[in-house]
Amino acid sequence: MSFFKTLNVNDNNDKKSESMKPEERVKCLIIGSGPAGYTAAIYAARANLNPVVIQGMEAGGQLTTTTEVENFPGYPNGVTGPAMMEDLKAQAQRFGADIRWGEVTSVDFSERPFKLIVDNNQPYKADAVIIATGASAKYLGLESEENFKGAGVSACATCDGFFYKGKKVAVVGGGDTAAEEASYLAGLAEKVYLIVRKPYMRASKAMIKRVENTPNIEILYEHNTKEITGTNVVTGATLIKRKGQPDEEEVKIEIDGFFVAIGHKPNSDIFADFIERDDTGYIKTIPGTSKTNIAGIFAAGDVQDPVYRQAVTAAGSGCMAALDAERFLAEQE
Ligand code: NDP
């Protein structure tokens, strides 16, 4: 249960206040707490915009589910994802950013000031909004996958890999995430099947080399998952090799864990009525800026970036969004 809902449970006397808290007015509201949201908060706070950050369901964003980050400039020895996010948060707070638990549950961007509701019960009015809601893991969409979520099916090796020490697991996907998750799991599990639907992987050459050279990773090219099997927990998977080809073949593997690493979906659905998005849901920004189709609403990080999707590019775009918001607010005054 969210923080706001918890507070209201004790408020039995006044039905109205039980359902809705008093409205808060903020100059700059930032939605999301990944590298984009926190960097926007650092810049906005230093520009005296008194930013309020609504952290979202996954405080700290996707990086809190990774282990080592080795490619963020300024950390010559690498840093863990959670530690880096704590650093960014502390840096934003040092300049006065107000970072709050909660999730934005509805928005009305039809007029300024913009209206937002957090956790269904906390209304806000904001003069400028920075959307930095990131992206979430995609799943295959199989019924069996849904049934075994939390019972052997996961989209985060670094969160759940520990449970598969000495066991057999499969990772689906052919990108850098799948390669990285397979490498990580290979250090824990006895055996890792890497299920790739094409005859090749799209991961970077270095990552492909790494998985190919790891003895306990077996790459199953041209395999698709038909079903994940088991009774209460995952015990296997049925795959189709060379689907649609004359030599199509059914392959069964015995596994204890099934990790899905097939990309991410931008967290933008809640803005769909107001903000222009591309076919896959990425928020469209005016090239070279963080500006959306609505003046005063800016987007930063993975929610608007189908191409680079790196922590450092997210942080850079968070900076852009704060500078754009600052200029916008100055023009309004
Ligand atoms: P990608 O979109 O790059 O790759 C997704 C993979 O999943 C593809 O191989 C795709 O297959 C496969 N896939 C998609 N849908 C299905 C399906 N239904 N069944 C089976 N396979 C499927 O996503 P990633 O998350 O891997 O990477 C996203 C971005 O983040 C990339 O730019 C990547 O380079 C970057 N990244 C960088 C890292 C680093 O630098 N350390 C680490 C992780 C990610 P197909 O190829 O056939 O389309």
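A polar contact is a pair of N or O atoms within 3.5 Å; within protein, one must be able to donate a hydrogen and the other to accept it, and residues adjacent in sequence count only if both atoms are side-chain atoms. Keep that in mind for the first stop.

This is a predicted model, in which local features need pLDDT of at least 70 and side-chain atom pairs count only at pLDDT 80 or more, while totals for chains, interfaces and linings use all residues. Residues are numbered from 1 along each chain as its sequence is written, and side-chain values use heavy atoms, with hydrogens and water left out.

**Stop 1: the ligand**

Select the ligand and the residues around it. There are 18 of them, and the closest are Gly174, Asp176, Thr177, Arg197 and Arg202 (a residue is near a molecule if one of its heavy atoms lies within 4 Å of it). Now show Glu180: an N or O atom of its side chain is 3.0 Å from a nitrogen atom of the ligand. On Asp176, a side-chain N or O atom is 2.6 Å from a ligand oxygen. For Gly174, look at the backbone, where an N or O atom lies 2.9 Å from an oxygen atom of the ligand.

**Stop 2: the sheet**

Next, colour the strands of an open sheet. Its 5 strands come in the order 10-17-11-12-13, with parallel pairing. Strands (E, at least two residues) and helices (H or I, at least four) are DSSP runs, numbered from the N terminus, and two strands pair if DSSP finds at least two bridges between them. At the edges are strand 10 (153-154) and strand 13 (217-221), each pairing on one side only.

Select helix 7 (residues 176-186), which packs on the sheet and touches strand 11, strand 12, strand 13 and strand 17 (257-260). Contact here means heavy atoms within 4.5 Å.

**Stop 3: two helices**

Which residues of helix 3 meet helix 9? Show Pro35, Ala36, Thr39, Ala40, Tyr43 and Ala44. Their partners in helix 9 include Ala311, Gly318 and Leu323.

**Stop 4: two loops**

Go to the loop between strand 6 (104-108) and strand 7 (114-118), where Pro113 lies. A cis peptide bond joins Arg112 and Pro113, with omega about -5 degrees. Then find Asn48, in the loop between helix 3 and strand 2 (52-54). The phi of Asn48 is positive, near 60 degrees, and this residue is not a glycine. Both stops are worth a look because most residues other than glycine have a negative phi, and most peptide bonds are trans.

Definitions and conventions: Axes are lines fitted to C-alpha atoms, for helices over the stretch in contact, and angles run from 0 to 180 degrees between N-to-C directions.
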